[in-house]
Amino acid sequence: MDSWNHACQACGSPSNPLTKLSLGKDFFGRPYDRLSPSSDQNPRWYCTSCSLHKHFQRDFRDILAEFDKLRSGFASELSKADEFRRASLRLHEIMTILNAPQQTSTLLNNRDVTVLMERLNTLTMPV
Ligand SMILES: [Zn+2]
């Protein structure tokens, strides 16, 4: 069994219990492409707070990628009404948690989430 006894691989905190996290699928339930440089195939060790933020970061990144596709006229998961709604709710949830005290993330910037939410709101929700 491999273990990581040093520190959180995101914030470097040595004091928290660490969780081994591997992101096998993206926000839209698709398995990660091994050739994709942004994929998170390798498990890493994170503290409780960072493992939560890591999921946020993944969801944010996946939603942003689909948003860009939609804007450029390509096929996008966000052209499905259900996925669009789910993505909006997820961004809202991420924002709410990141805005709470003590939730500053080393992985994701509040401002980026706000901007994406605003941009998403300018689109008409697909029917
Ligand atoms: Zn951490």
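**Reading the chain**

Mentor: The mean pLDDT of the chain, where pLDDT is the predictor's confidence in each residue from 0 to 100, is 85, and 86% of the residues reach 70 or more. This is a predicted model, in which local features need pLDDT of at least 70 and side-chain atom pairs count only at pLDDT 80 or more, while totals for chains, interfaces and linings use all residues. Residues are numbered from 1 along each chain as its sequence is written.

Trainee: Which elements does the chain contain, and in what order do they run from the N terminus?

Mentor: Helices (H or I, at least four residues) and strands (E, at least two) are DSSP runs, numbered from the N terminus. Here there are three helices and two strands, in the order β-β-α-α-α.

Trainee: Which residues of α2 are buried?

Mentor: A residue is buried if 20 or more other C-beta atoms, placed from the backbone, lie within 10 Å of its own, exposed if 12 or fewer do, and partly exposed in between. In α2 the buried residues are F84, A87, L91, I94 and L98. They lie on the same side of α2, because they cover an arc of only 90 degrees around the axis, the arc being that of the directions from the helix axis to the C-beta atoms. On the other side of α2, A81, D82, L89, E93 and T96 are exposed.

Trainee: What covers the buried residues of α2?

Mentor: Two residues are in contact if their C-beta atoms, placed from the backbone, lie within 7 Å. The cover of the buried residues of α2 includes α1 (48-71) and α3 (110-121).

Trainee: How do α1 and α3 pack?

Mentor: Two packed helices are described by the angle between their axes and the distance between the axes. Axes are lines fitted to C-alpha atoms, for helices over the stretch in contact, and angles run from 0 to 180 degrees between N-to-C directions. For α1 and α3 the angle is about 35 degrees, and the axes are 11 Å apart. The contact is made by F60, I63, L64 and F67 of α1, together with D112, V113, L116, R119 and L120 of α3.

Trainee: Why does L21 count as partly exposed?

Mentor: L21, which is in strand β1, counts as partly exposed because it has 18 C-beta neighbours inside 10 Å. Leaving aside residues up to four places away in sequence, L21 touches P43, R44, Y46, S51 and K54.
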